[in-house]
Amino acid sequence: GAGKYRSTGMADCQECVAGKKPNSAKSACEDCPAGTFSVAGAADCTACPEGKCVEFCEGLAIANSVTSRRVNVGDSLKIRCVAGFAVMGKEIITCQDDKKYDHQPECVKLGKKVKRSFNFD
């Protein structure tokens, strides 16, 4: 259907998230061009009304994370890791005015031993 895509190996079509549209082959989603927007499941991007588009933070690229979406400037996002991994540091990040997140979280494998060094005087 319109606004959906299906990657190789997927049984069912999936909707593209807000800010994205299906590519021409309908095999993946791609970002809307600058000055346009889309709602989740839209077949195409729509031109922004003058001064009415929301600014987004860049998409996240966190290894072993299931969090992947664009966030409005000023909004927060909770990071979730895949099974067997946990967030190192703060779980909630905030999209700032410069369209960057306030910090870059990391998903680390559970049960990993941390080496510690001690100095004895």
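Let me start with a term: buried means under 20% relative accessible area, exposed means over 50%, and partly exposed is in between, with a 1.4 Å probe and protein chains only. D31, for instance, is partly exposed, with a relative accessible area of 42%.

Two notes on the source. This is a predicted model, where local features need pLDDT of at least 70, side-chain atom pairs count only at pLDDT 80 or more, and totals for chains, interfaces and linings use all residues. Residues are numbered from 1 along each chain as its sequence is written, and side-chain values use heavy atoms, with hydrogens and water left out.

Salt bridges next. The rule is a side-chain nitrogen of Lys or Arg within 4 Å of a carboxyl oxygen of Asp or Glu. The whole structure holds five salt bridges. One of them pairs D31 with K20, at 2.7 Å from N to O. D31 sits in strand 4 (residues 29-31) and K20 in strand 3 (residues 20-22), so this pair ties together parts eleven residues apart in sequence. Strands here are DSSP runs of E, at least two residues, numbered from the N terminus. K20 is partly exposed, at 23% relative accessibility.

What does K21 pair with? K21 forms a salt bridge with E30, the closest N and O atoms being 3.4 Å apart. K21 is buried at 18% relative accessibility, while E30 is partly exposed at 33%. D44 also forms a salt bridge with K21, with 3.9 Å between the closest N and O atoms. D44 is in the loop between strand 5 (36-37) and strand 6 (46-47), and K21 is in strand 3, so the pair ties together parts 23 residues apart in sequence. Through shared partners, K21, E30 and D44 join into one network.

Now the disulfides, meaning pairs of cysteine sulfur atoms within 2.5 Å. The count is three. C16 is joined to C29, S to S 2.0 Å, and the link is left-handed, with -95° about the S-S bond. C16 lies in the loop between strand 2 (14-15) and strand 3, and C29 in strand 4, 13 residues apart. C16 is buried, with a relative accessible area of 1%, whereas C29 is partly exposed at 24%.

C32 and C45 form another, with sulfur atoms 2.0 Å apart. Both C32 and C45 are buried.

Last, C81 and C107 form a disulfide, again with sulfur atoms 2.0 Å apart. The torsion about its S-S bond is about -85°, so the link is left-handed. C81 is in the loop between strand 7 (76-78) and strand 8 (85-88), and C107 in strand 10 (residues 106-109), 26 residues apart.

Conventions: Helix = DSSP H or I, 4+ residues; strand = E, 2+ residues; numbered from the N terminus.
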